[in-house]
Amino acid sequence: MRATFITAPGDIEIRQIPEPTLREQTDAIVRITHSCVCGSDLWSYRGVKEVPKPLQIGHEFIGEVTQVGDDVTTIKVGDFVVAPFTTSDNTCVHCRAGFQSACQNLGFYRGCQAEFTRVANADGTLIAVAEPRPEQVRSLLACSDVLGTGWHAAVSAGVGPGKTAVVVGDGAVGLCAVIAARVLGAERIVAMSRHEPRQQLARTFGATDIVAERGEVGINAILDLTDGLGAQAVMECVGTREAMEQSIAIARPGTCVGFVGVPHGVQMPLEPYFQRNIGLRGGMAPVRAYLPHLIELVLAGTIDPGLVFDLTLPLDEVADAYQAMDERRAIKVMLEP
Ligand SMILES: [Zn+2]
């Protein structure tokens, strides 16, 4: 089969490798119908994360089950499935508490920008969806990571009815956090974005205000919008020190910043949290916990997170997909085999 490899920073190529096979009786093999490039894939592409040797890459996909092990009971051959970006048993104490991303049997995919993938703990990981309509497919793909992660930012930040919510970061996750804030009832949703097409999409998803400025000016703009009080639910969807500092500065005392951007070398003093009683909550999203609800919202037509895919390319052009996202020419690229 064809599979995407990152061989060095900036170097993406398709290689021919054997199709995956069942290793455990709890595994499933999925023929990938759609996959995509994640903002976190760009950390390796940009050389921020090391690439010690050529590695298969990609962790977001949907597809059709082609094989299951003897111990798989809820998923069968032919099922169309949505998968979170981690595998989990869905039965251990952490899974039962809703933190499948901390599962005692947590697993990661080897690379899903490919034609097939093996899924460990298929029963605890995959969710079968009956025949989605063609226009819903891209939104189901968005559920596998960006929507679930944006949702986690909103839940962690304590978004709720009547509140003013602010999203820091206008990548696909930040835009999906806007969707989450709307569904969870925020009264006012501020998207911080400098890019016009992303501002527009944020408005489509439910943003009521846009703040294009960053740093001090951006912080003051949020304080102006909130009578100097700060926002009641801040969602940090970037992972840099600047974004984190901005998030703390605009959070109202006594509230939580929900953070889901993968932190890269962020070191911060604790004083601002202490002095203003700001909490920090979030981390790697337990997408599996949210998936049933998110899939329901997509199938009901309540949300359309698939709009974050503004470019679709064949798998063979995956190198262009990375380039387009790296240069911010595309918000998120969908790949079709
Ligand atoms: Zn578990």
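This is a short tour of a predicted model, stop by stop.

**Before you start**

Residue numbers start from 1 along each chain, as its sequence is written. Because the model is predicted, local features need pLDDT of at least 70 and side-chain atom pairs count only at pLDDT 80 or more, while totals for chains, interfaces and linings use all residues. Helices (H or I, at least four residues) and strands (E, at least two) are DSSP runs, numbered from the N terminus.

**Stop 1**

Select residues 2–8, strand β1, and residues 11–16, strand β2. They run antiparallel, joined by six bridges. Two strands pair if DSSP finds at least two bridges between them. Find Ala3: its bridge partner in β2 is Arg15.

**Stop 2: the open sheet**

Next, show the six strands in the order β13-β12-β11-β14-β15-β16. They make an open sheet with parallel pairing. Which strands are at the edges? They are β13 (209–211) and β16 (279–282), and each pairs on one side only. On average, neighbouring strands are turned by 20° against each other, direction ignored.

Zoom in on β14 (residues 233–236) and β15 (residues 256–259). Three bridges join this parallel pair. Val234 has Val257 in β15 as its bridge partner.

**Stop 3: a helix across the sheet**

Select α5, residues 146–157. This helix lies across β11 (164–168), β14, β15 and β16, at about 165° to β15. Axes are lines fitted to C-alpha atoms, for helices over the stretch in contact, and angles run from 0 to 180 degrees between N-to-C directions.

Then click Gly283, in the loop between β16 and α11 (287–299). Its C-alpha atom is 8.3 Å from that of His152, although the two are 131 residues apart along the chain. Gly283 is partly exposed, with 16 other C-beta atoms within 10 Å. The cut-offs are 20 or more for buried, 12 or fewer for exposed, and partly exposed in between, with C-beta atoms placed from the backbone.

**Stop 4: two helices**

Finish with α6 (residues 172–183) and α7 (residues 196–205). Their axes come within 8 Å and cross at roughly 20°. The helices are therefore roughly parallel (angles under 35 degrees). Select Leu175, Val178, Ile179 and Arg182 in α6. They meet Arg198, Leu201, Ala202 and Phe205 in α7 (C-beta atoms, placed from the backbone, within 7 Å).

Technical notes
Parallel < 35°, antiparallel > 145°, perpendicular 65-115°, else oblique. Contact = placed C-beta atoms within 7 Å.
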